[in-house]
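Hi,

Here is the structure I promised to pass on. Have a look at it first, and then read my notes below.

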Amino acid sequence: MKKLIKKVKKTLHGDFFPRVGIGDKVKSGDLLGYAMMPEVLEAFDITPGMKVLVDEGIYVSEKTPIIKRSKGMYNETIESSSDGVVRIIDKRLCIVGGEKKEKVTSELWGRVLFVGGEEYVIDAQFLELPIFISVGSAIIGNIAAAVEVGPVVTIANLPKDIEGKIVVLGGSMPFSVYKTIAARGALGVIATSLDWNDYEKIFREPLLPTGILQGFGKYVMWDWYKTLFNAINDLYAEVDFTHSQMHLPYSDIMLDTFTKDTYLFKDILWGKRVKELNSVSDGLIAVLDSKEKTPVFEDELLRVT
């Protein structure tokens with residue numbers, strides 16, 4: 001696990017009137033300003049094979065053909081059900097009406113690098129966390145964590161609002177729960193383990209980006225994960241399911257939950273506190289609270305200060 005700094009740019013698709021300036025420090029939930037956002041009357045995901053029949057910026061009336069797409073052996077034409085202006089917003093074809101004033105709040109902790117126009121940029125610190133195995137694409141969203149569950153996750157354990165979020169589960173995920181998560185519109189899901197019989201079904205034909213945390217269900221590792229995901233629940237995160245990596249916010253919210261010390265991230269010793277760190281001729285030896293000793297590399301250590 002390592003710490004890194006990233007510049008996070010957010011495009012609002014509306015005129016932004018900031019209340020913060022360059023160099024200001026912000027935390028999750030802080031008011032950044034207000035934006036005049038277009039009121040979306042209807043929206044359609046733009047998918048491969050779909051043909052958009054209208055140009056962005058034009059006004060369309062009700063029952064104007066706007067999309068043509070394949071549906072089995074036939075082509076389906078979709079007509080607008082509203083009068084409005086065509087906009088492409090976050091890879092979606094939208095029909096928008098008037099504008100409305102909305103609050104813009106920060107999704108993460110960091111320092112403001114730029115504000116203006118339709119966007120802002122925040123310089124933020126992240127932890128890079130490896131995933132044991134994953135399938136899917138890179139996604140960005142807020143965490144919806146359910147960590148206080150039993151060995152096997154049930155549908156009743158799922159967070160209430162998971163649409164458009166990255167679900168993190170602190171237990172084994174049955175296939176029935178996996179299907180429910182996909183049906184409820186989650187962006188992706190990460191669990192501590194899966195039933196062996198479900199691996200082939202899920203990873204052969206994934207319903208959404210899916211990952212299993214490093215540790216392969218070893219709950220000695222999950223003790224640290226549980227504290228971490230509780231602390232950053234509902235915060236911004238970036239997960240690359242193609243390369244099995246998570247970038248999680250390294251904020252005061254998270255760090256306040258950990259003793260200011262050095263932690264080890266190695267195999268089944270994941271998240272263990274280091275009592276002593278000794279230099280030897282060929283490297284470092286970590287002595288843990290449990291009196292275990294193990295050789296370590298610098299990139300297996302995290303110093304919380």
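**What I found**

Let's start with the largest nonpolar core, which has 33 residues; Leu 129, Trp 224, Phe 229, Met 246 and Met 254 are the ones touching the most other members. (A nonpolar core here is a set of buried Ala, Val, Leu, Ile, Met, Phe, Trp, Tyr and Cys residues joined through side-chain atoms within 4.5 Å; buried means under 20% relative accessible area, exposed over 50%, and partly exposed in between, with a 1.4 Å probe and protein chains only.) At least two residues of this core come from each of β12 (119-135), β13 (138-146), β14 (166-172), α3 (219-231), β17 (236-240), β18 (245-249) and α4 (252-255). The largest share, five residues, is supplied by α3. (Helices, H or I of at least four residues, and strands, E of at least two, are DSSP runs numbered from the N terminus.)

Before going on, two notes on the source. This is a predicted model, so local features need pLDDT of at least 70 and side-chain atom pairs count only at pLDDT 80 or more, while totals for chains, interfaces and linings use all residues. Residues are numbered from 1 along each chain as its sequence is written, and side-chain values use heavy atoms, with hydrogens and water left out.

Back to Met 246: leaving aside residues up to four places away in sequence, its contacts (heavy atoms within 4.5 Å) include Leu 127, Leu 129, Ile 190, Phe 229 and Val 239. Another core lies apart from this one, with 21 residues, among them Val 153, Val 177, Ala 186 and Ile 202.

**The parallel strands**

Strand β15 (residues 188-193) is mostly covered, with six of its six residues buried. It runs parallel to β14, joined by five bridges (two strands pair if DSSP finds at least two bridges between them). Leu 169 has Ala 191 in β15 as its bridge partner. Between β14 and β15 the chain passes through helix α1 (residues 175-183), and this β-α-β crossover is right-handed; that is, with the strands pointing away from the viewer, the path from the first strand over the helix to the second runs clockwise.

β15 also pairs with strand β16 (residues 210-213), in the parallel sense over three bridges, and Val 189 has Thr 210 in β16 as its bridge partner. Here too there is a right-handed β-α-β unit, made by β15, helix α2 (residues 196-204) and β16.

**The open sheet**

Elsewhere, five strands form an open sheet in the order β2-β4-β10-β9-β6, with antiparallel pairing. β2 (15-18) and β6 (59-60) are at the edges with a single partner strand each, so one side of each has no neighbour in the sheet. Within it, β9 (residues 84-89) and β10 (residues 92-105) are joined by five bridges, and Ile 88 stands opposite Leu 93 in β10.

**Rings and charges**

How many aromatic pairs does the structure hold? There are four, counting Phe, Tyr and Trp (its six-membered ring) with ring centres within 6.5 Å; planes under 30 degrees apart are stacked, over 60 edge-to-face, and the rest tilted. Phe 175 and Tyr 178 have centres 6.1 Å apart and planes at 35 degrees, so this pair is tilted. Both lie in α1, three residues apart, about one turn of the helix. Tyr 199 and Phe 203 are stacked, at 6.0 Å centre to centre and 15 degrees between the planes, and both are buried.

Finally, Lys 201 lies over the face of Phe 175, at 4.5 Å from the ring centre (the criterion is NZ of Lys or CZ of Arg within 6 Å of the ring centre and within 35 degrees of the ring normal).

Cheers
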